[in-house]
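Here's a quick tour of one model, a few spots at a time. Have the sequence and the structure open side by side.

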Amino acid sequence: MPPAKEAPGTRARRRPDIRNLSLLGVLAALVLVGALTKPEQFLSVQNLQLVLTQASVIGVVTVGVTFVIIGGGIDLSVGAMVALATVWATTVATQQFGLSGILLCALCVGLGCGLVNGLLVSLGGIVPFIATLAMLASARGLALQISDGRTQVVSVDPVLALGRRDAYLLGIPPIVLVFAVVTVIGWLLLNRTTFGRRTVAVGGNPEAARLAGIDVRRQRLLLYLLSGLCCGIAAFLLIVLTGSGQNTNGNLYELDAIAAAIIGGTLLSGGRGTITGSVLGVLVFTTITNLFALNNLETAVQQIAKGAIIVAAVLVQKGRTP
């Protein structure tokens with residue numbers, strides 16, 4: 001009996017993603033550089049745990065940003081939303097409601113900001129760049145106004161316990177475990193649900209998606225809500241990690257998240273991207289930052305290097321896009 005024919009596209013789906021393999025190669029090369037230049041510091045358990053926890057906070061933000069970009073939008077306000085959520089959760093909530101109160105407050109602030117972004121873009125017809133830029137300025141200003149520029153120290157024991165270096169859940173630091181769960185949910189949402197297929201369709205060709213019966217405005221609203229939710233989760237992780245809320249939290253997160261998504265293969269014009277690629281992009285960026293810090297390179301040099309990497313990634317995208 002002749003073998004059954006494979007469904008169209010099956011072979012392509014089985015083919016390894018060259019970009020992800022390339023990112024894994026880059027990550028391995030960075031680990032090798034760290035092992036050769038700073039073996040004792042870079043390969044220590046404390047440093048590797050630091051890299052993973054730092055990658056977890058920005059990684060959760062990046063998952064949300066990846067959905068927005070695949071859907072044809074952009075979100076420049078993620079860092080400011082994280083800052084506002086940390087300040088609000090540690091100030092307005094007054095910490096009297098404990099762990100659950102701080103978590104709920106952070107999520108509500110993230111969802112509220114995401115809702116405003118979504119309404120401005122989907123119903124207001126404002127260009128995503130402008131709408132989220134306005135949110136960036138407003139959220140930063142509100143965070144400064146609420147905190148009066150002071151650091152809000154957390155005094156809730158369960159929150160502080162989650163951020164201890166010796167805290168583990170299922171053998172994994174809680175912050176890293178949350179990042180892993182968000183990543184898996186994001187992957188399933190993008191690759192195994194109607195929501196994911198609609199996101200790709202809206203980002204690839206909004207008019208064709210509309211003619212196919214997809215409510216484009218509703219989909220865009222949901223994408224910004226998702227981004228806001230991820231910012232709320234990241235804000236809570238940051239509170240756990242630092243034990244405080246500050247108006248300067250999340251500074252330049254928008255740059256790191258967008259850059260990680262781009263070098264992970266997400267197309268800036270929308271319609272294409274993977275959660276796996278974005279997570280690898282986050283790990284590459286975090287490892288580079290860690291190597292720069294261990295080798296005492298100035299922050300300015302780090303920012304210049306990140307800018308160069310973003311430009312290189314966009315140029316690669318431009319070369320591959322027909």
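Which cysteine sulfur is closest to the sulfur of cysteine 230, and how far away is that sulfur? The closest one belongs to cysteine 231, at 7.1 Å, which is too far for a bond.

## Ground rules

This is a predicted model: local features need pLDDT of at least 70, side-chain atom pairs count only at pLDDT 80 or more, and totals for chains, interfaces and linings use all residues. Residues are numbered from 1 along each chain as its sequence is written, and side-chain values use heavy atoms, with hydrogens and water left out.

## Cysteines

Back to cysteine 230: with 5% relative accessibility, cysteine 230 counts as buried (under 20% relative accessible area; exposed is over 50%, partly exposed in between, with a 1.4 Å probe and protein chains only). Cysteine 105 is buried too, at 15%. The sulfur of cysteine 105 has its closest cysteine sulfur in cysteine 108, 6.8 Å off, so that pair is too far apart for a bond.

Count disulfides (pairs of cysteine sulfur atoms within 2.5 Å) and you get zero.

Helices here are DSSP runs of H or I with at least four residues, strands are E runs of at least two, and both are numbered from the N terminus. Helix 5 covers residues 78-91, and its 14 residues reach 20 Å from first C-alpha to last, close to the 20 Å expected at 1.5 Å a residue (the expected span is 1.5 Å times one less than the number of residues). Of those 14 residues, 12 are buried, including Met81, Leu84 and Thr90.

Helix 13 is largely enclosed by the rest of the structure, because 10 of its 11 residues are buried. Among them are Tyr253, Glu254, Asp256 and Ile263.

## Positive phi

Leucine 252 has a positive phi near 70 degrees, and sits in the loop between strand 2 (244-245) and helix 13. Leucine 252 is partly exposed, at 31% relative accessible area. Aspartate 148 also has a positive phi, near 55 degrees, and lies in the loop between helix 7 (128-147) and strand 1 (152-153).

After helix 13 comes glycine 265, with a positive phi near 105 degrees.

## Inside helix 14

Asparagine 290 is in helix 14 (residues 275-294) and is buried, at 7% relative accessibility. Beyond its neighbours within four places in sequence, asparagine 290 is in contact (heavy atoms within 4.5 Å) with Phe42, Asn47, Leu50 and Val51.

Phenylalanine 285 is in helix 14 as well, buried at 6%. Not counting residues up to four places away in sequence, phenylalanine 285 touches Ala259, Ala260, Ile263, Lys306 and Ile309. Serine 138 is 147 residues away from phenylalanine 285 in sequence and 28 Å away in space, C-alpha to C-alpha.

## Who lines the second largest pocket?

Helix 4 (45-70), helix 12 (216-242), helix 13 (253-263), helix 14 and helix 15 (299-320) each supply at least two residues of the lining of the second largest pocket. That lining has 22 residues, with Gln54, Tyr253, Asp256, Thr289 and Lys306 nearest the centre. A pocket here is an open set of points on a 1 Å grid over the protein atoms alone, with protein on both sides within 12 Å along at least five of seven lines, and lining residues have an atom within 4 Å of a point.

How values were computed: 1 Å grid on protein atoms, 1.4 Å probe; cavity = no way out; pocket = protein on both sides within 12 Å on 5 of 7 lines; lining within 4 Å.
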